[in-house]
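Colleague: I'd like to go through this one with you, starting with the overall picture and then the helix packing. Here it is.

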Amino acid sequence: MRPADRIVTPSNRDGLPADEREPLNALFAIYHSLTGKKYAMAITGFVGVAYVILHMLGNLQVFAGPTKLNAYGALLRSNTALLWAVRIILLAAVILHSMAAYQLARASWKSRPIGYIHWRPVASTYASRAMRWSGPILGLFIIYHLLHLTTGAAHPDFRHGDVYHNVVTGFHVWYVSAIYVVAMLFLGLHLYHGAWSMFLSVGINNPTFNGLIRGIATFFTIITVIGFISIPIAVLLGVIS
Amino acid sequence: MNLELYVWRQSDARSPGGMVRYEAEDIAPDMSFLEMLDVVNLKQIENGEEPIAFDSDCREGICGSCGMMINGVAHGPLRGAAVCQLHMRSFKNGETIHIEPWRSRAFPVIKDLVVDRSALDRIIQAGGYISVSTGGAPEANTILVSKQRTDLALDAAACIQCGACVAACPNGSAALFTASKVSNLALLPQGQPERNRRVISMVAAMDREGFGACSMHRECEAVCPKEISVNFIARMNWERLRAGFTRFGE
């Protein structure tokens with residue numbers, strides 16, 4: 001596909017190269033553009049945001065005691081097909097999100113080969129400028145978290161099915177809890193920008209409800225971070241034992 | 001007032017550049033920033049040295065020719081103003097000012113502070129127009145457009161193609177520029193027949209020129225001399241999505 005093929009001339013009957021008329025090819029062709037990669041970021045990001053909110057709410061059942069929490073764990077695993085379907089969707093979302101992020105970051109780095117000697121932010125937030133490394137940090141944390149509380153490989157005393165025990169013994173190690181708390185602060189940074197900008201990336205935007213989007217994104221960011229952090233802190237303080 | 005300047009000097013596109021120190025002396029606070037550079041250049045010429053090259057034309061914020069980074073901010077500290085509309089009263093006596101050109105792979109430096117912005121022209125050539133046979137002008141009110149829509153389209157049309165958005169963007173994206181043209185024409189009746197092809201072609205041209213991707217940092221909006229809103233970038237994203245899934249052939 002030569003670049004010249006994308007220029008609209010009177011001879012292109014409907015203005016599109018031949019291969020974009022096939023649905024699957026059209027999907028790849030859209031992803032080929034930087035804007036298309038942003039759509040992928042927004043959609044996979046939304047999957048992440050939705051997951052993280054539901055995961056936090058489910059985890060808060062630790063405050064309801066071992067019976068409730070372990071029953072919740074059993075419920076999640078009760079339907080193997082559904083469990084693996086969800087796991088595959090989440091894995092695919094994380095992989096596509098990371099891949100698109102890398103490609104976008106690379107394109108953006110290449111767009112300014114000689115940097116400014118002086119550049120001052122005027123309107124951007126720390127959160128927006130930190131996306132490119134808060135993301136990879138969260139990626140590494142996810143890997144650690146899976147090894148810690150899902151497979152148990154990084155856990156000192158992992159017992160399959162006893163979620164409550166795993167959580168309490170896991171967070172009793174102070175530096176493990178510290179890792180989680182720090183990771184959740186990075187999640188807060190990442191969500192503060194991501195949960196808001198994902199709407200604009202797909203064009204969901206209107207002066208009437210833009211303020212609402214910003215407010216909802218901030219609200220969910222705050223409650224998600226606080227909800228997650230409350231658990232290791234509660235374990236360390238002995239509120240949960 | 002007297003000021004200390006550090007200005008990017010680069011003799012041509014192939015040479016490396018560097019910051020050179022100058023003293024701007026006896027500058028009146030009512031001078032525009034470009035007048036101040038003219039005064040510095042007069043001294044340069046008197047001393048037999050190469051004057052600092054920079055673009056300017058209308059010097060009233062409407063042509064889009066002028067543009068430079070002043071202390072790390074595109075067009076300097078004044079919001080909604082191009083550098084030609086910035087006056088020296090915005091600076092203090094004795095202040096140090098760092099001046100650099102727009103930096104982007106798509107804007108190669110020609111000399112000193114002058115950059116080649118024809119990449120923006122090529123984006124416009126890729127669809128930033130309507131294909132219409134012109135003849136006698138029809139009566140303007142035969143095509144009805146609401147005032148709200150007209151106002152919004154005109155907000156987008158205010159873009160003067162100066163390139164500050166690209167310069168300020170941490171990602172080097174031309175999204176605000178492309179979006180302003182896409183939005184302007186997508187909002188008006190004359191832009192409808194080619195609406196989908198236009199956005200696909202212009203977004204592809206934007207990528208082809210080597211600009212970066214938009215992450216909604218909103219730096220562009222903050223430095224735009226015409227204060228164009230990032231809402232137009234969201235609109236362009238929607239237009240591109242729509243165009244990708246609309247039945248081909250409009």
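**Going through the model**

Colleague: What share of the 241 residues of chain A count as buried?
Modeller: First, this is a predicted model, where local features need pLDDT of at least 70, side-chain atom pairs count only at pLDDT 80 or more, and totals for chains, interfaces and linings use all residues. Residues are numbered from 1 along each chain as its sequence is written, while chains are lettered from A and ligands numbered from 1 in the order in which they are written. Calling a residue buried if 20 or more other C-beta atoms (placed from the backbone) lie within 10 Å of its own, exposed if 12 or fewer, and partly exposed in between, the buried share of chain A is 30%.

Colleague: How many helices does chain A have?
Modeller: Helices here are DSSP runs (H or I, at least four residues; strands are E, at least two), numbered from the N terminus. The pattern along chain A reads α-α-α-α-α-α-α-α. With zero strands, the helix count is eight.

Colleague: How are H2(A) and H7(A) oriented to each other?
Modeller: H2 (34–59) and H7 (174–201) of chain A have axes 9 Å apart, at an angle of about 130 degrees. The axes are lines fitted to C-alpha atoms over the stretch in contact, with angles from 0 to 180 degrees between N-to-C directions. Under 35 degrees counts as roughly parallel, over 145 as roughly antiparallel, 65 to 115 as roughly perpendicular and the rest as oblique. H2(A) and H7(A) are therefore oblique.

Colleague: And how many nonpolar residues are in the contact of H2(A) with H7(A)?
Modeller: The H2(A) side includes Tyr39(A), Ala42(A), Phe46(A) and Val49(A), and the H7(A) side includes Leu191(A), Ala195(A) and Met198(A). Alongside three polar residues and one charged, the nonpolar count is eight.

Colleague: Which helix supplies the largest share of the side of chain A that touches chain B?
Modeller: On that side, 44 residues of chain A are in contact with 45 of chain B. H1 (23–32), H2, H4 (80–110), H5 (126–150) and H7 of chain A each supply at least two residues. The largest share is five residues, from H2(A).

Colleague: Where is the kink in H5(A)?
Modeller: The bend at a residue is the angle between axes fitted to the seven residues ending there and the seven starting there. In H5(A) there is a kink of about 55 degrees, shortly before the proline Pro136(A), and the residue is Arg132(A).

Colleague: Is Leu149(A) buried or partly exposed?
Modeller: Leu149(A) sits in H5(A), where the buried residues are Ser128(A), Met131(A), Ser134(A), Gly135(A), Leu138(A) and His148(A). Beyond four places in sequence, Leu149(A) touches His155(A), Asn166(A), Val167(A) and Gly170(A). With 18 other C-beta atoms within 10 Å, Leu149(A) is partly exposed.

Colleague: Over in chain B, how are H5(B) and H8(B) set to each other?
Modeller: The axes of H5 (175–187) and H8 (231–245) of chain B come within 8 Å and cross at roughly 70 degrees. Among the residues in this contact are Ala179(B) and Val182(B) of H5(B) and Phe232(B) and Met236(B) of H8(B). H5(B) and H8(B) are therefore roughly perpendicular.

Technical notes. Two residues are in contact if their C-beta atoms, placed from the backbone, lie within 7 Å. Ala, Val, Leu, Ile, Met, Phe, Trp, Tyr, Cys and Pro count as nonpolar, Asp, Glu, Lys and Arg as charged, and the others, Gly among them, as polar.
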